[in-house]
Amino acid sequence: SNSEDALQCKIVEKAKEEQELKALEIRRSSLKEEIENLAHEIEAMKIKAQNLEPAFQEESKAPWKN
């Protein structure tokens, strides 16, 4: 009947939407993890730059050599 077809159509549509939502949640989780990794890399690079700054300052004060 028409109502059974409409019901089946809605059930299939709901299943597809749930599947898409699950895929988006997986993607979101992956992106969140990548953002956290990048934040750690940025922090490590900042620390490295801070550690190199005194050596750079010292080198820049040294007399110029040919």
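Tutor: Let us begin with the overall charge. The protein has 11 positive and 15 negative side chains, and the centres of these two sets lie 4 Å apart. Here Lys and Arg count as positive and Asp and Glu as negative, while His and the chain ends are not counted. The place of a charge is taken as NZ of Lys, CZ of Arg, CG of Asp or CD of Glu.

A word on the source is needed: this is a predicted model, in which local features need pLDDT of at least 70 and side-chain atom pairs count only at pLDDT 80 or more, whereas totals for chains, interfaces and linings use all residues. Residues are numbered from 1 along each chain as its sequence is written, and side-chain values use heavy atoms, with hydrogens and water left out.

Side chains of opposite charge can pair when their charged atoms come close. The structure holds 2 salt bridges, a salt bridge being a side-chain nitrogen of Lys or Arg within 4 Å of a carboxyl oxygen of Asp or Glu.

Helices (H or I, at least four residues) and strands (E, at least two) are DSSP runs, numbered from the N terminus. Lys 10 is exposed, with a relative accessible area of 54%, whereas Glu 13, at 38%, is partly exposed. Buried means under 20% relative accessible area, exposed over 50%, and partly exposed in between (1.4 Å probe, protein chains only).

Another salt bridge links Glu 18 with Lys 14, and here the closest N and O atoms are 2.7 Å apart. Both residues lie in helix H1, 4 residues apart, which is about one turn of the helix. Glu 18 is partly exposed at 44% relative accessible area, and Lys 14 is exposed at 51%.

Like charges also gather: Glu 33, Glu 34, Glu 36 and Glu 41 form a patch of negative charge on the surface. Such patches are made of residues with over 30% relative accessible area and no salt bridge, like charges being joined within 9 Å and nonpolar side chains (Val, Leu, Ile, Met, Phe, Trp, Tyr) within 5 Å. Glu 33 has its place in helix H1.

Finally, consider the setting of these charges. The secondary structure comes to 1 helix and 0 strands. Of the 66 residues, 0% count as buried.

Key. Areas by Shrake-Rupley, 256 points an atom, 1.4 Å probe, with all protein chains shown as cover.
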